[in-house]
Amino acid sequence: MNILIGFVSIEGQTRKIAEKIAEHVEKAGHRAVFFNVTSMAEYALERPEAVILCAPIHAGRYPAPFVDFVRRERDFLKSVPSAFVSVSLFIRSEFEEEREEARHFPDTLMAETGWTPGRVLNAAGALRYTEYDFFKRWMAKRLAAREGAPTDASQNFEFTDWAELERFVADFLAGAKA
């Protein structure tokens, strides 16, 4: 199968997640078509037979280019097996109300675009302190301290559960073949 792995990434973790998905797809014997949706390019000469999209939440929303892409490609996305990976630090919050909010971010996307993926994974992102400017690093440290998350700004911290991501992709591939 040709599988489109489409993504938008702001700080790099969503791209890394999409790359891992592409690795799992190819390891399973399929062809991964890796595509940054912000490029606005055509994604393949052949139409993909399945799609996995990935996008991060920042300030409570998915990036506008991602939402626009989903709206524009809604009919195609509905015509093939599809999955969505929503990336947010809220999903690993120590506060249940924040985890619950993160679980519902994809619902908002679906209501806004009319696309309902067959599978959804809420994946934790990363704190990339070393890449932030002063203000963003200061804000991230404050939020992290409130959550009991690491605040050492001299290093980066990944919270993505890579084994869970691999299981998600395997389950999606098994369902897409059926």
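**Figure 1. Helix H5 and its buried side.** Helix H5, residues 134-147, comprises 14 residues and reaches 20 Å from its first C-alpha to its last, close to the 20 Å expected at 1.5 Å a residue. The model shown here and in the following views is predicted. The buried residues of H5 are Ala140, Ala144 and Glu147. These residues cover an arc of only 55° around the axis and therefore lie on the same side of H5. An α-helix has 3.6 residues a turn, so residues three or four places apart point the same way. The cover over the buried residues of H5 includes H4 and strand E6 (126-127). On the other side of the helix, Phe134, Phe135, Arg142 and Ala145 are exposed.

**Figure 2. The two ends of helix H5.** At the start of H5, a side-chain oxygen of Asp133 comes to within 3.2 Å of the backbone nitrogen of Phe135. Just after the helix, Gly148 adopts a positive phi of about 75°.

Figure 3. Glu98 is located in helix H4. With a relative accessibility of 10%, Glu98 falls under the 20% limit and therefore counts as buried. Apart from its neighbours within four places in sequence, Glu98 is in contact with Phe90, Ser93, Arg146 and Glu147. Glu147 is itself one of the buried residues of H5.

**Figure 4. The open parallel sheet.** Five strands, in the order E2-E1-E3-E4-E5, form an open sheet with parallel pairing. Strand E2 (31-36) and strand E5 (119-123) stand at the edges; each has a single partner strand, so one side of each is left without a neighbour in the sheet. On average, neighbouring strands of this sheet are turned by 15° against each other, direction ignored. Strands of a sheet pair through backbone hydrogen bonds, either parallel or antiparallel.

**Figure 5. Strand E4 and its two partners.** Strand E3 (residues 50-56) and strand E4 (residues 82-87) run parallel and are joined by 6 bridges. Within this pairing, Cys54 has Val85 of E4 as its bridge partner, and Leu53 stands opposite Phe84 in E4. A further 5 bridges join E4 to E5, again in parallel; there, Ala83 has Arg119 of E5 as its bridge partner. E4 is mostly covered, with 6 of its 6 residues buried. In a regular strand the side chains alternate between the two faces of the sheet. In E4, Ser82, Phe84 and Ser86 point one way, whereas Ala83, Val85 and Val87 point the other way, and all are buried.

**Figure 6. Helices H4 and H6 against the sheet.** Helix H4 (residues 96-113) lies across E4 and E5 and runs at about 135° to E5. Helix H6 (residues 162-177) also packs on the sheet, where it touches strand E1 (2-7), E3, E4 and E5. The direction of H6 makes about 175° with that of E5.

**Figure 7. The buried face of helix H6.** H6 has 16 residues and reaches 23 Å from its first C-alpha to its last, close to the 22 Å expected at 1.5 Å a residue. Its buried residues are Leu165, Phe168, Val169, Phe172, Leu173 and Ala176. Seen down the axis of H6, these residues fall within an arc of 130°, so they line one face of the helix. They pack against E1, H1, E3, E4 and E5. On the other side of H6, Ala174 and Lys177 are exposed. At the N-terminal end, Asp161 caps the helix, with a side-chain oxygen 3.2 Å from the backbone nitrogen of Ala163.

Figure 8. His30 is found in the loop between helix H1 (13-27) and E2. Its relative accessibility is 13%, under the 20% limit, and His30 therefore counts as buried. Not counting residues up to four places away in sequence, His30 touches Met1, Ile3, Val25, Leu173 and Lys177. A polar atom of the His30 side chain lies 3.3 Å from the backbone nitrogen of Met1. The C-alpha atoms of His30 and Val70, 40 residues apart along the chain, are separated by 23 Å.

Figure 9. Gly60 is placed in the loop between E3 and helix H2 (64-72). At 46% relative accessibility, Gly60 counts as partly exposed. A distance of 25 Å separates the C-alpha atoms of Gly60 and Asp152, which are 92 residues apart along the chain.

Notes: Residues numbered from 1 in each chain as written. Predicted model: local features only at pLDDT ≥ 70, side-chain atom pairs only at ≥ 80, totals over all residues. Heavy atoms only, no water. Pairing = 2+ DSSP bridges. Helix = DSSP H or I, 4+ residues; strand = E, 2+ residues; numbered from the N terminus. Axes fitted to C-alpha atoms, helices over the stretch in contact; angles between N-to-C directions. Contact = heavy atoms within 4.5 Å. Buried < 20%, exposed > 50% of the residue type's maximum accessible area, 1.4 Å probe, protein only. Polar contact = N/O pair within 3.5 Å; in protein donor to acceptor, adjacent residues only side chain to side chain. Expected span 1.5 Å × (residues − 1). Arc of directions from axis to C-beta.
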